[in-house]
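Colleague: I would like to learn how to read the nonpolar cores and the salt bridges of a model such as this one. Could we take them in turn?

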Amino acid sequence: MAISLKKLKHQVVVITGASSGIGLATARMAASKGAKVVLAARNEAALQQLAEELRSKGCPAAYVVADVSKEEDVRKISDTAMSEFGRFDTWINNAGVSIFGKAMDVTTEDMKRMFETNFWGVVYGSRMAVKHFTERGVPGALINVGSLFGDRGNVVQSTYSASKFALHGWTENLRMELEKDKAPVSVTLIHPGRIDTPYNEHAMSYLDKQPAHIGMMYAPEAVADAILYAASHPTRDMFVGSQAKLNAILGRLAPRMMDKWMEATMFRTLHDNGPSNTREESGLYHPGYGMHERGTNTGWVRNRSWYVKASKHPVLSAMALTGLGMYAWNMSKNHKKEQVPYS
C-alpha cells in the first residue's frame with residue numbers, strides 16, 4: 001500500500017528530546033515550515049522557553065515534561081497532542097543519552113537506565129504512534145533516530161552502541177509487520193553520523209577526560225533536514241553524512257578491518273584534554289542543560305549533508321552520477337585514442 005503523507009505545513013509534529021541538540025533544531029525547523037509542534041523533554045524551563053520562542057513567531061507550540069523511559073509519561077505526550085491539536089501526524093523518537101566507558105567498567109545499573117531511555121523510550125513512542133495512526137485510519141510518519149553506532153559497534157560507547165543496535169532492530173521488525181498488515185504508517189530510521197550537539201556533555205562519563213567529537217562532524221540542522229523530509233515523504237532510511245553510510249557498508253563488507261581501525265583511532269578521538277564532567281552533571285538520571293543546539297566539540301563542522309541532499313532527489317542524483325560516469329568514460333576513450341602512435 002502506497003502511503004501519502006501530509007505536507008509539513010499541515011502537520012502536528014511530536015518531538016521527544018526537544019530541549020537541546022537535534023530535537024531543538026528539528027523543532028525550530030518544523031515550526032519555521034509551518035508545522036504545529038508538541039515538544040517533550042525532562043527540562044521544563046527549556047521547554048517553556050522554546051514554546052514561548054516559537055509562539056512569538058506565530059508558530060503553534062505545546063510542551064509536556066516527560067521522561068520517555070516511563071510509559072505513562074509517553075502517554076502524556078500523546079494526550080497533550082490530542083488536547084491541544086486533536087491529533088498528531090508525525091512522531092519523532094529522538095530522546096537519547098550516552099555513556100562513555102569500557103564495557104567491563106560501566107555498571108549494569110547505568111546500562112539498564114540508558115536502555116530504558118534509548119530503547120524502551122522508542123518502543124513506547126512507536127506503539128503510541130502506531131496505535132494513533134491505525135485508529136484514525138489516516139497515514140502518519142513514525143521516525144526513529146538511530147546512530148552510525150547502531151550499524152557498527154564502537155569502543156568506549158559499547159552500551160550506547162548496543163542500545164542503538166536494539167533500536168535499529170526494533171524499527172526494522174516493526175516496519176515489516178506494519179507493511180504486512182497494510183497499516184497506514186511510514187516508518188523511517190535516521191542514521192546520523194557524528195553531530196555537533198551537547199550529546200557528549202550530557203553523557204555519563206567513566207573517562208578521566210571529557211568526551212568530545214574530534215574531527216569532522218555535522219550540524220544538527222543536517223539531521224533535522226533529514227527528519228523533516230521523512231515526515232512528508234515515506235522513506236525507509238536516511239543516512240546523515242557519508243561517514244554514516246560508509247561506516248555501515250564497511251562494517252558489513254570488511255568487519256575485521258573496521259575492528260582494527262576502531263581500535264587504533266577511537267580510544268584517542270572520543271575525548272578532549274579537559275577533565276571529564278562529573279556523574280552528577282550527566283543527563284543519564286537528571287535533565288541536562290537545555291536550549292543549546294551545538295556542543296563544545298573540537299573539529300570541523302559541516303552545515304549540510306550532501307548525502308541527505310542526494311537522498312531527497314534520488315533520480316536527479318542517479319542522472320548526475322550517470323552523466324559523470326559517461327563523461328569520464330568518454331575522456332578515457334579519447335585519451336587512449338590520442339596515445340595511439342601513427343604507423
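Modeller: A nonpolar core is a set of buried Ala, Val, Leu, Ile, Met, Phe, Trp, Tyr and Cys residues joined through side-chain atoms within 4.5 Å, where buried means under 20% relative accessible area, exposed over 50% and partly exposed in between, with a 1.4 Å probe and protein chains only. This is a predicted model, in which local features need pLDDT of at least 70 and side-chain atom pairs count only at pLDDT 80 or more, while totals for chains, interfaces and linings use all residues. Residues are numbered from 1 along each chain as its sequence is written, and side-chain values use heavy atoms, with hydrogens and water left out.

Colleague: How many residues does the largest nonpolar core have, and which have the most contacts inside it?

Modeller: The largest core has 44 residues, and Leu39, Leu54, Ile143, Ile190, Ile227 and Val240 have the most contacts inside it. Among the elements that give two or more residues to this core are β1, α1 (21-32), β2 (36-41) and α7, the helices being DSSP runs of H or I with at least four residues and the strands runs of E with at least two, numbered from the N terminus. The largest share, 9 residues, comes from α7. Apart from this core lies another, of 26 residues, among them Ala40, Ala66, Phe88 and Ala129.

Colleague: Which residues does Leu54 touch, beyond those up to four places away in sequence?

Modeller: Taking contact as heavy atoms within 4.5 Å, Leu54 touches Ala27, Arg28, Ala31, Val37, Leu39, Cys59 and Ala61 when residues up to four places away are not counted.

Colleague: Is Asp89 buried or exposed?

Modeller: Asp89 is buried, at a relative accessible area of 3%, whereas Lys6 counts as partly exposed at 29%.

Colleague: Where do Asp225 and Lys312 lie?

Modeller: Asp225 forms a salt bridge with Lys312, the closest N and O atoms being 2.9 Å apart. Asp225 lies in helix α7 (residues 220-232) and Lys312 in helix α10 (residues 306-312), so the pair ties together parts 87 residues apart in sequence. Both Asp225 and Lys312 are buried.

Definitions and conventions:
A salt bridge is a side-chain nitrogen of Lys or Arg within 4 Å of a carboxyl oxygen of Asp or Glu.
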